[in-house]
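Have a look at the model first, then try each task before reading its solution.

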Amino acid sequence: LRRNILRGKAGLTIFRRGDSRKTGAYLAMVGEYDMTYSDKHPSKYAWEAGVNAELKLYEYVSFDVEGYYRNYFSYDEYNGSDLVYDAGATGHMSVTIIDNFTLEPYLNYRYIKSREAEKAGSTLRTGILFYYSGKLIFW
């Protein structure tokens, strides 16, 4: 089942370390408009807490970690596949190989529970991202 959800989030930053926008914690209220089902489009509401941290080891190497926990407390309509809670964490290491070329291995974990499921489910993904941020020259 492919999910089509429009999500809005408003909240406050609990703390932020230094000038980095990537290191801190937050609390937020979340509203979702679910367009997954063609006949009805229910709204859902949740609170969310999250953290993110960046550790720069060297000029060309850094680690980034972010995580969140979202707990749903209100639903317009009952649907068994709606989530009760959703938690996730992502960690990645960014390594600049040469000026404009960066490799970024990552690990992503997600833990969710739906309203009708007896047990929670989880996924673990890993991969490598390749970034090029220079000018492309075509002949």
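The exercises below go from strands to salt bridges to a pocket.

This is a predicted model, in which local features need pLDDT of at least 70, side-chain atom pairs count only at pLDDT 80 or more, and totals for chains, interfaces and linings use all residues. Residues are numbered from 1 along each chain as its sequence is written, and side-chain values use heavy atoms, with hydrogens and water left out.

**Exercise 1.** Find out how S6 pairs with S5 and with S7.

Solution. 
- Strands are DSSP runs (E, at least two residues), numbered from the N terminus, and two strands pair if DSSP finds at least two bridges between them.
- S5 and S6 are antiparallel, with 12 bridges, and a hairpin of two residues joins S5 to S6. Ala89 has Tyr109 in S6 as its bridge partner.
- On to S7 (residues 121-132): S6 and S7 also run antiparallel, joined by 12 bridges. Six residues lie between S6 and S7 in their hairpin, and Arg110 stands opposite Thr123 in S7.

**Exercise 2.** Trace the salt bridges of Asp86 with Arg70 and with Arg110.

Solution. 
- The whole structure holds eight salt bridges.
- Arg70 and Asp86 form one, with their closest N and O atoms 3.4 Å apart. This pair links Arg70 in strand S4 to Asp86 in strand S5, 16 residues apart.
- Arg110 and Asp86 form another, at 2.9 Å from N to O. Here Arg110 sits in strand S6 and Asp86 in strand S5, 24 residues apart.
- Through shared partners, salt bridges join Lys9, Glu48, Arg70, Asp86 and Arg110 into one network.
- Now check accessibility (buried is under 20% relative accessible area, exposed over 50%, partly exposed in between, with a 1.4 Å probe and protein chains only). Arg70 is buried at 5%, Asp86 is buried at 1%, and Arg110 is partly exposed at 34%.

**Exercise 3.** Describe the largest pocket and its lining.

Solution. 
- A pocket is an open set of points on a 1 Å grid over the protein atoms alone, where a 1.4 Å probe fits, with protein on both sides within 12 Å along at least five of seven lines; lining residues have an atom within 4 Å of a point.
- The largest pocket holds about 230 Å³ of space. It has 14 lining residues, and the closest to its centre are Arg7, Glu32, Arg70, Asp86 and Arg110.
- By class, the lining has four nonpolar, one polar and nine charged residues.

Note on methods:
Grid points are joined across faces, edges and corners, and a volume is the space filled by probe spheres set on the points. Ala, Val, Leu, Ile, Met, Phe, Trp, Tyr, Cys and Pro count as nonpolar, Asp, Glu, Lys and Arg as charged, and the others, Gly among them, as polar. Helices (H or I, at least four residues) and strands (E, at least two) are DSSP runs, numbered from the N terminus. A salt bridge is a side-chain nitrogen of Lys or Arg within 4 Å of a carboxyl oxygen of Asp or Glu.
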